[in-house]
Amino acid sequence: MYLENFKLRELPFRLSPDPQFLFLSRAHARAKAYMESTIWFTDGFVVITGEIGAGKTTLIESFLRQLDSDVVIAQINQTQVSAVEFLQSVLVQFGFSPFKMKKAELIATINSFLIEQYAAGRKVLLIIDEAQNLSLKVLEEVRLLSGIEATKEKVLRIILAGQPELNEKLDSPELVQLAQRVRLRFHLGALSNEDLRPYVEHRLDVAGSEGRQIFADDTFAELYRFTGGVPRLVNTLCDTAMIAASNESRAEVTLADVTSAVGELGWVEFSRRKSTIAAKQRPEVSTANGDRAPKILSKLVLSTEGKAIAELHLVPGRKVIGRTPDNDLQIDSKFISRHHCQFTTTSDGVTILEDLNSTNGIVIRDKRVRRHTLRDGDVVTMGQHEILYVDDHAAEHLADTHDDLPRVSADAANEDAGEEADDDAGHDETASGTR
């Protein structure tokens with residue numbers, strides 16, 4: 001992409017969580033301190049909430065990386081599950097194969113494991129990300145797990161992280177007992193105007209800028225005007241602006257590059273965007289019965305060996321495809337890099353494909369490409385998989401053909417393939433990063 005142009009070692013504004021890029025604003029530092037308190041206190045939950053893109057997951061990954069070896073960790077990211085599936089997920093994290101166990105056996109196994117760890121002098125921590133998606137039944141199971149004791153001391157530490165709806169759910173009448181167990185709550189907001197420049201320069205420094213100024217002084221006010229300091233939006237806008245500057249062979253991002261990036265993304269000022277952000281990200285149309293449903297601008301149909309296996313519907317914004325579960329669409333294959341490529345869709349339906357410095361690349365019509373504006377019917381080849389791009393005018397003719405396929409949204413990747421992803425971690429290491 002633009003690494004050579006800016007003389008960087010790796011991409012500074014990736015959307016996937018990376019602890020080494022964590023910028024500790026005052027709010028992020030406080031949230032991390034709350035997480036760390038769970039190691040020393042076992043008398044209640046810690047709840048961390050934040051808007052989409054506020055940096056919760058990156059904060060969690062940084063926190064986990066610094067824990068001592070005597071802490072046993074269960075990290076749950078797939079939260080649209082039943083109570084039994086949740087208990088199974090916890091045991092899988094602890095190294096068990098619990099899929100034939102009934103609920104009573106699952107609970108008994110967890111109890112025994114926690115008591116054994118306590119007796120061995122180890123601490124056990126359960127972190128649940130995207131916890132706002134947990135059903136009331138599953139949250140009740142979480143509460144019951146939190147009550148497991150050994151010699152009058154709780155043996156399971158719990159952190160719940162999620163979007164602001166999590167607080168609303170915890171305050172519901174059905175979860176009074178759970179709410180009473182919450183010891184600390186903290187809401188992670190966006191970066192302040194003062195924090196935005198240090199945030200951008202920190203990520204550039206980690207990526208190898210070595211103190212060089214890459215963004216002109218007059219760009220930061222514009223960055224804040226269109227992102228409101230939301231880290232994920234900042235990353236998206238900075239990344240797109242750097243591409244614009246690189247296309248002109250400039251080593252500095254100018255105000256004109258930021259303006260061009262805003263236009264390419266189809267964004268409006270954040271103050272206006274905030275009230276309509278859901279509509280901008282998921283344009284809606286009325287259905288026959290008067291309900292509101294997302295308007296699909298285009299979609300991707302993933303296939304292997306000629307068989308379609310999944311769809312990804314595209315709305316304005318960015319979708320990342322790769323091997324690990326944190327992608328919008330996960331392809332569990334050794335030929336796919338951790339974060340292989342991205343599809344950026346503008347508000348007027350134009351979709352641009354970009355290679356994220358992958359090892360094996362992306363191919364269209366027998367030609368390897370780095371960046372390509374997609375047209376209806378384009379077939380993108382990635383390893384042993386193919387992705388068919390269907391624009392909004394052509395989506396209708398495939399609707400019936402693939403109605404039986406799993407829909408993959410920005411918040412849900414293939415949940416069955418994640419266990420083996422780490423086994424292939426060595427296949428896509430490159431000198432410039434891990435794409």
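**Notes on the sheets and their helices**

1. Let's start with helix α4 (residues 83–93), which lies across β2 and β3 and runs at about 140° to β2. Contact here means heavy atoms within 4.5 Å; axes are lines fitted to C-alpha atoms, for helices over the stretch in contact, with angles from 0 to 180 degrees between N-to-C directions. Helices (H or I, at least four residues) and strands (E, at least two) are DSSP runs, numbered from the N terminus.

2. A word on the source: this is a predicted model, where local features need pLDDT of at least 70, side-chain atom pairs count only at pLDDT 80 or more, and totals for chains, interfaces and linings use all residues. Residues are numbered from 1 along each chain as its sequence is written, and side-chain values use heavy atoms, leaving out hydrogens and water.

3. The order β2-β3-β6-β1-β7 describes an open sheet of five strands with parallel pairing (two strands pair if DSSP finds at least two bridges between them). At its edges sit β2 (71–76) and β7 (182–188), each pairing on one side only. Inside it, β1 (residues 45–50) and β6 (residues 156–162) share four bridges, and T49 has G162 as its bridge partner in β6.

4. Now for β14 (residues 341–345): five of its five residues are buried (under 20% relative accessible area with a 1.4 Å probe, protein chains only). C341, F343 and T345 point one way, Q342 and T344 the other.

5. β14 pairs in the antiparallel sense with β12 (residues 317–322) over five bridges, and V320 stands opposite Q342. Its antiparallel pairing with β15 (residues 351–355) also has five bridges, with C341 opposite D355.

Notes. Buried means under 20% relative accessible area, exposed over 50%, partly exposed in between (1.4 Å probe, protein chains only).
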